Amino acid sequence: MIQEIDYFAIAPPLTLALFAGLVLVLDAFLPARPRVRPALGLVTLAGVLVALGFVVAQAVRGGSALSTFCVPPGLNAPGGGCSYVVDRFTLILAGLVLVAAVVVVLMSMTELARGGIPVGEWHFLLLCTLVGAVILPASRDLIMLVVALELVSLPVFALTALKRYDGRSSEAAVKLFLVSVVSTAVMLFGVSLLYGIGGSVFLDRLGAVLGGEAAAPGRPGAGASVLGASVLGAEHGLPGVVTVGVVLVVAGFAFKIAAVPFHAWAADVYQGAPIPVAALLSVISKAAGFAGLILVLVTALPGQAGAWVPIVAILSALTMTAGNLLAMRQRSAVRLLAWSSVAQSGYILAPLAVAPAGTGAGASVAYLVMYAAMNLGAFAVVMLVSRVARRNELDDYRGLAFRSPVAALALAFCLLCLAGLPPGLAGLFAKIVVFREIVDGGAGWLAVVMAVNTVIGLYYYVAWTARLFVPVTAIGGAVREGAAQAVVAPRSAPAVWAAIGVAVAVAVLFSAAPQLVLDLTTVT
């Protein structure tokens, strides 16, 4: 059998893979000169923009969804199956990843300008991560899903460790590696159980089998009615096996998105990693993790919602509560954003716990899209300040509005967005969408938990914002020793200023026209 490959469907990840190879070759053969570093960054940025252009072309194409790597009906269950599908969900998540990648690449160019990090390896690994992040929302079978998720994860701890002779980076890389290995093992065990019961790796086929709409391939009997009696019959004890598989798969993804109780690695890894890697973990890696989780729950396991809906609801409540309470105690800007990111994962999980059939997934994706812009903007400003404040603590931001008004206003806007306060209306609308889904789904207790956590989050977001506009003379004439007294000028760090501009511009757009996101993220 020869499979026909739709190269237009796989053009975005294929483009990223080709540019990854190009960067590696250029790094090997170009002379080691000062101009090579920004040149490789520009090549990487060009690859991301070309891939984003293909995503836009697929989106404006219209018509039915694109699919490739398909198996004919005769070799699988009736109807066959496709491993790679480009639909609205795929395009939204791929677009989110690539726009976020533009900001991360710009931040990387500033980070690499300091020296000490191999440029070619950095951009190669970054592009490899993006390949996995773009493939993952298009994956429609368990094998491709796991491989894409690992392609997202494995290069990241290598990126973390590239900051050589830095003890915190090495420690962060080891912790991230251990977390990745454990989560992968847990997920693979769950995936193997689901495959053993369902008899297929395709998500839609698993959904039909586990939902009782079809018999598993190779099982005795014919027709959908035989499933409950023989395939998942209680006399075989198989429903318990399915539940175990569901729990293990959800736990594996919970590691990836830093959901409680699998969250302990987040703050140490974010603080030890270079700031562009921390931004990548908080947005791109998180988006990939949620894409995989949504696909598995909504496509493969809707018939087992009774098993995973309570689990996701409890994880959501615990995650947002733990993240916010821990963020309140932080003095480091990066650690605060790390725990804030954990809390935001709880908000994104909440709609899945009450409306798994489609609208809940749409609300989660809408929140994820809006969160990405404002969080990247905050990380970009934090990186700017880190160039003159080695410890990068919250006290370093006192009076920032008087030293760099543009940076202070950008950070203040992003923090207010994360808090859900005007003029940061993007965060407010994102929370309203989630609240609406929770209330409509009948989970009043979860809505109360989210409301309380939103108030808790206001404290540390507003406290940080207030520091930006407090004159140094108002707190005793001088800040602590080592605090930032200046901020890098735009001409000395143009790439990171460009990253701030892109992230804030998108956040402003979402605040002014949130319906753009809400209309796009209706997942059907």
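**Helix 17 and the cysteines**

Me: Which exposed residues does the face of helix 17 turned away from its buried side carry?

Reply: The model is a predicted one, and in it helix 17 covers residues 425-440. Its buried residues are Ala426, Gly427, Ala430, Lys431, Val433, Val434, Glu437 and Ile438. They lie on the same side of helix 17, because the arc they cover around the axis is only 155°. The face turned away from that buried side carries the exposed residues Val439 and Asp440.

Me: How far does helix 17 reach from its first C-alpha to its last?

Reply: Helix 17 has 16 residues, and at 1.5 Å a residue the expected value is 22 Å. The reach in the model is close to that expectation, at 22 Å.

Me: How far from lysine 431 is the nearest side chain of opposite charge?

Reply: Lysine 431, which has its place in helix 17, is buried yet has no salt bridge. Leaving aside neighbours within four places in sequence, its contacts include Gln344, Tyr347, Tyr367 and Thr454. A salt bridge would need a side-chain nitrogen of lysine within 4 Å of a carboxyl oxygen, whereas the nearest side chain of opposite charge, that of glutamate 437, is at a distance of 16 Å.

Me: Is cysteine 417 buried or exposed?

Reply: Cysteine 417 lies in helix 16, residues 405-419, and, not counting residues up to four places away in sequence, it touches Met374, Gly424, Ala426, Gly427, Leu428 and Ser511. Its C-alpha atom is separated by 8.3 Å from that of tyrosine 371, which is 46 residues away along the chain. Because its relative accessibility is 0%, cysteine 417 counts as buried.

Me: Which cysteine sulfur is nearest to that of cysteine 414, and how far away is it?

Reply: Cysteine 414 has 0% relative accessibility and therefore counts as buried. A disulfide requires sulfur atoms within 2.5 Å, and cysteine 414 is in no disulfide. The nearest cysteine sulfur is that of cysteine 417, at 6.2 Å.

Me: What is the handedness of the disulfide formed by cysteine 70 and cysteine 82?

Reply: A search of the whole structure finds one disulfide, and cysteine 70 and cysteine 82 form a disulfide with their sulfur atoms 1.9 Å apart. This pair links distant parts of the chain, with cysteine 70 in strand 1 and cysteine 82 in strand 2, 12 residues apart. Cysteine 70 is partly exposed at 26% relative accessible area, and cysteine 82 also counts as partly exposed, at 22%. The torsion about the S-S bond is about 105°, so the disulfide is right-handed.

Note on methods: Residues numbered from 1 in each chain as written. Predicted model: local features only at pLDDT ≥ 70, side-chain atom pairs only at ≥ 80, totals over all residues. Heavy atoms only, no water. Helix = DSSP H or I, 4+ residues; strand = E, 2+ residues; numbered from the N terminus. Expected span 1.5 Å × (residues − 1). Buried < 20%, exposed > 50% of the residue type's maximum accessible area, 1.4 Å probe, protein only. Arc of directions from axis to C-beta. Contact = heavy atoms within 4.5 Å. Lys, Arg positive; Asp, Glu negative; His and termini not counted.
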